[in-house]
Amino acid sequence: MSRRRLLAILVGGAALLAGAFVGVVLATSGSSSEELVVYSARSHYGEEEPFLRFAKQTGTDITLRGGSASELYERLRSEGDNTPADVLITVDAANLWRAQDAGIIDSWEPLTERARTIMRSTERVGEDEVTTYEGLGDPRWKGRLCLRSGTSEYNVSFIADRLAKDGRAATERMLRRWMANDPEILGSDVDVLEAIAEGDCDVGLTNSYYLGRELEEDPDFPVAPVWADQDGRGTHVNLSGLGVVRGADHAEEARELIRFLRTPAQQEVFAQNNHEFPAVEGAQPSPEIEQFGDFGQDPIDVDGAGPLLGDALELMDQVGWD
């Protein structure tokens with residue numbers, strides 16, 4: 001029988017930083033004096049199966065420790081060389097850049113991809129009425145635009161990427177046109193989608209996987225994505241990723257796990273479970289997202305956008321996107 005002692009999701013909020021981990025045991029078998037420890041900002045997505053498969057196939061003991069991306073980053077910084085972590089899994093390219101810049105990981109690989117694009121009411125907005133990010137600033141959308149808070153890391157990364165590629169002047173012009181439309185500022189991407197569905201606004205900007213979740217619950221949910229800027233650079237695509245923690249006690253096993261998680265069979269679990277896009281060829285997205293077809297992608301410039309995250313926040317504050 002293969003050696004598989006423990007796979008656990010350890011969920012913390014503030015308790016994570018205090019070291020008070022909460023464990024939910026998913027599988028136990030055998031025993032081992034060592035274990036591969038994974039800090040994952042995706043633990044709440046319910047993606048345990050690939051880790052279970054790896055543990056079973058290799059006989060490697062695995063413990064997953066969960067928390068938000070910012071919590072895990074701060075914990076790794078505070079633990080330093082004494083961290084038990086071997087692998088970091090985090091969401092949004094900004095967090096990958098911070099982890100690499102701080103020397104927490106030396107390099108990283110993409111795990112999944114997610115598009116941040118325009119969402120429209122299928123009942124009140126035609127497919128071709130808004131096709132570009134700049135188009136959200138058209139006066140026709142005055143009082144009809146919903147946006148998530150400007151402090152959302154997804155929005156900050158998006159604007160930092162625009163700064164890196166378009167420069168400050170062009171990015172500021174776009175944002176001031178958005179703000180001129182008096183957008184309703186909401187607390188989450190889900191809030192934006194529900195506001196569109198309920199008729200409180202007609203267009204918005206969210207990550208595509210939030211729509212996939214809504215459509216899984218209700219196939220008739222009256223919102224559809226617009227793959228933005230298809231006549232230009234393409235739709236902004238961010239990612240989640242993973243890397244070996246610097247100084248990991250089990251670096252080779254960690255690299256083996258990362259290779260395994262990036263195989264097509266495991267990629268489909270990650271992509272389909274959370275309605276994201278696989279990061280490797282040969283894996284399919286969920287039916288809820290696949291129905292909207294292929295689109296031209298504009299991958300985030302991690303190295304270019306990372307140093308501009310602070311500039312993005314400052315600009316968003318200046319234009320009134322709070």
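**Exercise 1.** Determine which residues of helix H3 (residues 69-79) are buried.

*Solution.* This is a predicted model, in which local features need pLDDT of at least 70, side-chain atom pairs count only at pLDDT 80 or more, and totals for chains, interfaces and linings use all residues. Residues are numbered from 1 along each chain as its sequence is written, and side-chain values use heavy atoms, with hydrogens and water left out. Helices are DSSP runs of H or I of at least four residues, numbered from the N terminus. Buried denotes under 20% relative accessible area (1.4 Å probe, protein chains only). In H3, the buried residues are Ala 69, Glu 71, Leu 72, Tyr 73, Arg 75, Leu 76 and Glu 79. Just after H3, Gly 80 adopts a positive phi of about 55 degrees.

**Exercise 2.** Describe how the axes of helices H5 and H13 cross.

*Solution.* Axes are lines fitted to C-alpha atoms over the stretch in contact, with angles from 0 to 180 degrees between N-to-C directions. The axes of H5 (residues 153-166) and H13 (residues 309-319) come within 8 Å and cross at roughly 105 degrees. Angles of 65 to 115 degrees count as roughly perpendicular, and H5 and H13 are therefore roughly perpendicular to each other.

Notes: Helix = DSSP H or I, 4+ residues; strand = E, 2+ residues; numbered from the N terminus. Parallel < 35°, antiparallel > 145°, perpendicular 65-115°, else oblique. Buried < 20%, exposed > 50% of the residue type's maximum accessible area, 1.4 Å probe, protein only.
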